[in-house]
Amino acid sequence: MMAAVAELPGLNATDRCDRCGAQAYVRVELAGGAELLFCAHHAREHEDKLREVAVSIHDETGRLGSEPPVAANPEV
C-alpha cells in the first residue's frame with residue numbers, strides 16, 4: 001500500500017521563524033506531522049539537532065542570495 005504525500009507549499013513572507021519571528025526560509029517536518037519554521041540564522045545554529053529529529057527539511061535559504069525584483073518607476 002502506498003501512502004499519499006501532500007506537496008507542501010513554498011515558504012513566503014508571512015511564514016515566520018518559531019525562534020525569533022524573522023522571515024522563515026527553512027521548514028522542518030517532524031514525525032507525527034508537526035513542523036517547525038526557522039530563519040536562516042536559527043536553522044544554521046540548530047542544524048545538527050534538527051537533522052537528528054527531522055523527517056524532512058525544506059531549505060529555501062538559497063533565495064537569500066538572489067536579487068529581489070525591482071518595480072518599474074513610472075516617474076523616470
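Q: What makes up the lining of the second largest pocket?
A: In this predicted model, the second largest pocket is lined by Val26, Ala40, Ala43, Arg44, Glu47, Leu50, Arg51, Ile57, Asp59 and Thr61. Two or more of the lining residues come from each of helix H1 (40-45), helix H2 (47-53) and strand E3 (54-59). The space in this pocket is about 160 Å³.

Q: How is the lining of the second largest pocket divided by class?
A: Five of its residues are nonpolar, one is polar and four are charged. Arg44, Glu47, Arg51 and Asp59 belong to this lining, and Asp, Glu, Lys and Arg count as charged, so these residues fall in the charged class.

Q: Why is aspartate 15 said to have no salt bridge?
A: Aspartate 15, in the segment before strand E1 (26-30), is buried, and the nearest side chain of opposite charge, arginine 27, is 4.7 Å away.

Q: What does the side chain of aspartate 15 reach?
A: The side chain of aspartate 15 reaches the backbone nitrogen of asparagine 12 at 2.8 Å.

Q: Why is arginine 63 called partly exposed?
A: Arginine 63 lies in the segment after E3. Its relative accessible area is 35%; buried means under 20% and exposed over 50%, so arginine 63 belongs in between.

Q: How far apart are arginine 63 and tyrosine 25 in sequence and in space?
A: They are separated by 38 residues in sequence and by 8.3 Å in space, C-alpha to C-alpha.

Definitions and conventions. Residues numbered from 1 in each chain as written. Predicted model: local features only at pLDDT ≥ 70, side-chain atom pairs only at ≥ 80, totals over all residues. Heavy atoms only, no water. 1 Å grid on protein atoms, 1.4 Å probe; cavity = no way out; pocket = protein on both sides within 12 Å on 5 of 7 lines; lining within 4 Å. Points joined across faces, edges and corners; volume = space filled by probe spheres on them. Helix = DSSP H or I, 4+ residues; strand = E, 2+ residues; numbered from the N terminus. Buried < 20%, exposed > 50% of the residue type's maximum accessible area, 1.4 Å probe, protein only. Lys, Arg positive; Asp, Glu negative; His and termini not counted. Salt bridge = Lys/Arg side-chain N within 4 Å of Asp/Glu carboxyl O. Polar contact = N/O pair within 3.5 Å; in protein donor to acceptor, adjacent residues only side chain to side chain.
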